[in-house]
Amino acid sequence: MSTPVIQTENLSYVYSKGTPFEKTAVENVNIQIEKGAFVGVIGHTGSGKSTLIQHFNGLLAPTSGKIWIDGEDMWANPKEIRKFRFKVGLVFQYPEYQLFEETVYKDIAFGPTNMGLSQEEIDQRVREAAGFVGLTEEQMAKSPFELSGGQKRRVAIAGVLAMRPEVLILDEPTAGLDPRGRELILGQIQEYHRRNGNTILLVSHSMEDVAKYAQKALVMNDSRVFMYDDVDKVFAHAGEIEQMGLSVPQITRIFLRLAQLGYPVSSDVYTIEQAKAQLMTLLKKGERPNA
Amino acid sequence: MLKDITIGQYFPGKSIVHRLDPRMKIILTVLFIIMLFTANNFAGMGVGILFLVVGYLVSRIPFSMIGKSIKPVVPIIVFTAVLNMFFIEGGRVLFEIWVLKITTEGLSLAAMMALRIICLIAGTSLLTYTTSPIALTDGIERLMSPLKHLKVPVHELAMMMTIALRFIPTLIEETDKIMSAQKARGADMESGGVMQRAKALVPILIPLFVSSFRRAEELALAMECRCYHGGEGRTRMKQLKLSYLDFVCCGFVVFCLLATIVCNNLLPSVY
Amino acid sequence: MDSIIVADKLNFYYQNEGEAPQRVLKDLSIQIAPGEFVAVLGHNGSGKSTLAKHFNAILLPQGGVCYVNGIDTRQEDKLFEIRQQVGMVFQNPDNQIVATIVEEDVAFALENMGVEPSEIRRRVDEALRSVGMYEFREHAPHQLSGGQKQRVAIAGIIAMRPRCIVLDEPTAMLDPRGRQEVMRTIRRLNTEFGITVVLITHYMDEAAQCDRVVVVDDGVILLDDTPKQVFSHVEELKKVGLDVPQATELIYELNREGLSLPRDIISEEECVTVLAELLSHSR
């Protein structure tokens, strides 16, 4: 097996250590994320998922334990931590609130400029990133503050894409958007993954979205990793996941109920297509003896 | 991290001092300050210190908190004390090097000044430790309400203070978030000269301003929806009422003040 | 009974500097009866928020009339009466809490209305209990979760004893747990206290819980019916950028394969029942 792109060993993080407010946010995390995977990260607020992803690009340093990016010990030389921030791009929640430049173009160029790239290289990357999120030439010259909410968010995402990170982490990129905006952004991310083969970590509260787009799911609960596996294997534990206060897709719940009622359906159905396919084969099988 | 800064010095509690009317506490604090400045000898200052000790004991605020609040002003205390020590002449000369002379009078005056500043800080801290920011704002608003007749926008000022207090934690959290987001885009805030560091603040300050304006707009709308139309005809849920406790404490402070004045007259001044 | 809100041929334009005015509402008419629980759906920019802002005179019609409780919203001297009758809750819970203590915030509207202190106390406690936040009355807002903050904001409106409460995407910024808390609270206000609810949302599962769903698109009302009826228009909804609950979508897809299942399935239980029946027949 090739080197995992992200690997942690007994990674723990404690907030406000040594004060009365001390709180363990991440405890003993051992995980290996394969190159090129599309991972959905789920867990309710306070489960430690936000703290964990901030370790992946060096915004937080582990209180104890180790972390490797592409086989390189991240904190071997703390002075070079910026290098990892370019390797692992992190798009925060509501990223549109970080825009600050006069034009959309300049804002997207902020990351690449910090990397110290040449003018042509920056220009090329900015245009490429803008293309991925569907920004027009006309919009590039506008002030980011003139755009609509959904457009602003895509500018912010492009700002991270322009750094061409090997790993792209998005913290709830669709929060607060309408269904159309949600689908647009997730579709663009999927397309980006398909074309570049980068590793993607998508933090989401929506199990429907994780089910639809991700190949693997990382479930955090109570500061620990509850599960990290293929999406269908994770959703097969729908009951346990619901007990953590997370919701599984409605379709999974329907199939779980049917299975409980004794119908021969599998309980790891998580998309409409799967559900339809399974029901149709069952119905056809049922028809045969009658025919 | 920014989040670790504690905002407001309030220590919730149920002690007598906590339960005092905020207006009375503000008045008493002013009286205490007057007391400190009238005292002109150590006996008078001793009364002030005694008052503080009683205050901290009754309100159950640990004495170590005094140290904490004094820490930032230590340089000022030392500076004042040193100035007094070397430049006030009078009394017996204790020590002499080159042109610098330390006299008994200089020394006692330096001690007086240092004690005065320490008591001043400890006393006002007692007010903020035992009074929630909102009660404090309330107290100030009501004490200043006579100024309304002079067209001073008392209600508006108090409202501004309340909203500022309400949004400080929110904005600190937001600053933290924006800083992390820009760091994730490779912003370098830790190195470089003064100019470079100042420049590195732009990507943080602009989004912070923009979002503050947005918040202000939304808050104004939400306030309008709840029938806000300034201070006119407004009532308050919590009425401030003076209780016998307030008068007892007031009596105690007046007694201390009188004691200080008596000390001033009976014993020689250090000046 | 008389409608609590009547909008008759509303027209509204937004104008950006140097651009042609944009018509956001186009002769839009709607009536909302007391005690109704109405969801308003529509993609961003469809005009649904603009419409909602007419219901308590934040915006005034530029054409047509809007009556609240029989009062024309353009009557300036009745402004506070209108706002007290129709309360409004917004998306971001952080930006609508004014005071530094929960109970002080809930009291804010009543203080503005000049209610007697003892009466304020009574109504604040009552409002906090009805949203299940009484235990938190002495907390600072920043110590609360998003869902809790939103419930405090709702209590601040309920304390005015409005007849109607309009919520503009109150769950958009919350996590699933917070969304559940807020939805439970809103439903309770409707069923137990008979408060009329207008809920603007992007979440189809929330709309499915209402009595009536109004779909707004491009400044006009596209659909206005019970959730069952509205969600049976799967194609039309998808065309205007909206979703349907997964249960509805599955049945719709199965029907496209030639089955003939009832088209008005919107809940999980209904879907399970229908599928169970289907499977037992074929067994």
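This is a predicted model: local features need pLDDT of at least 70, side-chain atom pairs count only at pLDDT 80 or more; totals for chains, interfaces and linings use all residues.
## Contact between chains A and B

Chain B touches chain A through 18 residues, which are in contact with 21 residues of chain A. On the chain B side, the elements giving two or more residues are α8 (154-184) and α9 (194-225) of chain B. The largest share, seven residues, comes from α8(B).

Sorted by class, the side of chain B that touches chain A has nine nonpolar, four polar and five charged residues.

## Antiparallel pairing around β1 of chain A

Strand β1 of chain A (residues 6-15) pairs with strand β2 of chain A (residues 23-33) in the antiparallel sense, over seven bridges. Within this pairing, A:Q7 stands opposite A:Q32 in β2(A). β1(A) also pairs with strand β4 of chain A (residues 64-69), again in the antiparallel sense, over five bridges. Here A:T8 stands opposite A:I67 in β4(A).

## The six-stranded open sheet of chain A

An open sheet in chain A has six strands in the order β6-β7-β8-β3-β9-β10, and its pairing is mixed. At the edges stand β6 (88-91) and β10 (224-230) of chain A. Each edge strand has a single partner strand, so one side of each is left without a neighbour in the sheet. With direction ignored, neighbouring strands of this sheet are turned by 15 degrees against each other on average.

One parallel pairing in chain A joins strand β3 (residues 38-42) and strand β8 (residues 199-203), over four bridges. In that pairing A:V39 stands opposite A:L201 in β8(A).

## Helices on the sheet

Helix α1 of chain A (residues 49-56) lies across β3, β6, β7 (167-171), β8 and β9 (216-221) of chain A. The helix runs at about 155 degrees to β7(A). Helix α6 of chain A (residues 149-161) also packs on the sheet, where it touches β6 and β7 of chain A. The direction of α6(A) makes about 170 degrees with that of β6(A).

## Non-glycine residues with positive phi

Which phi does A:N28 have? A:N28, although not a glycine, has a positive phi of about 45 degrees. This residue lies in strand β2 of chain A. A:N28 has 15 C-beta neighbours inside 10 Å and so counts as partly exposed.

In chain C, C:K9 has a positive phi of about 50 degrees and is not a glycine. C:K9 lies in strand β1 of chain C (residues 5-14). Because C:K9 has 14 C-beta neighbours inside 10 Å, this residue counts as partly exposed.

Conventions. Residues are numbered from 1 along each chain as its sequence is written. Chains are lettered from A and ligands numbered from 1 in the order in which they are written. Two residues are in contact if their C-beta atoms, placed from the backbone, lie within 7 Å. Ala, Val, Leu, Ile, Met, Phe, Trp, Tyr, Cys and Pro count as nonpolar, Asp, Glu, Lys and Arg as charged, and the others, Gly among them, as polar. Two strands pair if DSSP finds at least two bridges between them. Axes are lines fitted to C-alpha atoms, for helices over the stretch in contact, and angles run from 0 to 180 degrees between N-to-C directions. A residue is buried if 20 or more other C-beta atoms lie within 10 Å of its own, exposed if 12 or fewer, and partly exposed in between; C-beta atoms are placed from the backbone.
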